Amino acid sequence: MSNQAVDVEILGKLTRVNCPPGQEEALLQAAKRLSDRLKDMTDKTKVTNEVHLLTIAALNFCYELETRDSSSQAQEQQQIQFAERMEKLTASLDDALSKVQQGKQSS
């Protein structure tokens, strides 16, 4: 399967981009998201230099990804710690039940 050219619009300008088959809609949504973000930034900052805007937008997206990755790693670590605690608790309960059963058998 070969890539196909898709026209995306960013800040009112069309750009032709190669896209894997079946990913056209995702690419168009990504382009819309980028264009919307750039328009918002232009309105808020009054910066009109497109290279500057694109640089700031790229930095913002990378920061968001980095933050999301860090958050995901923290959540994974919490899940690992939770699983370890559950294993210890299960072992403690098994030990306690074993002792209770042994006590019943001794009587």
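Biologist: How many Å separate the centres of domain 1 and domain 2, taken over C-alpha atoms?

Modeller: Keep in mind that this is a predicted model. The chain splits into domain 1, residues 1–44, and domain 2, residues 47–106. Taking C-alpha atoms for the centres, the separation comes to 34 Å.

Biologist: What area do domain 1 and domain 2 bury between them?

Modeller: Eight residues of domain 1 touch nine residues of domain 2. Of the area buried there, 66% sits on carbon and sulfur atoms, and the total is about 840 Å².

Biologist: Which residues of domain 1 lose the most area to domain 2?

Modeller: Three residues together make up 52% of what the domain 1 side buries. They're Arg-37, Met-41 and Thr-42.

Biologist: Okay, and how many salt bridges are there between domain 1 and domain 2?

Modeller: For polar contacts, the count between the two domains is two residue pairs, both at pLDDT 80 or more. As for salt bridges between the domains, the count is two.

Biologist: Which side chain meets Glu-50 in a salt bridge?

Modeller: The N to O distance is 3.1 Å, inside the 4 Å cut-off for a salt bridge. The partner of Glu-50 is Lys-13.

Biologist: Which residues make the nonpolar surface patch?

Modeller: The patch covers about 400 Å². One of its members, Leu-93, lies in helix α2, residues 50–106.

Technical notes: Residues numbered from 1 in each chain as written. Predicted model: local features only at pLDDT ≥ 70, side-chain atom pairs only at ≥ 80, totals over all residues. Heavy atoms only, no water. Patch = residues over 30% accessible without salt bridge, like charges linked within 9 Å, V, L, I, M, F, W, Y side chains within 5 Å. Areas by Shrake-Rupley, 256 points an atom, 1.4 Å probe, with all protein chains shown as cover. Helix = DSSP H or I, 4+ residues; strand = E, 2+ residues; numbered from the N terminus. Domains from an automatic or database assignment. Contact = heavy atoms within 4.5 Å. Buried area = accessible area lost by both parts, 1.4 Å probe. Polar contact = N/O pair within 3.5 Å; in protein donor to acceptor, adjacent residues only side chain to side chain.
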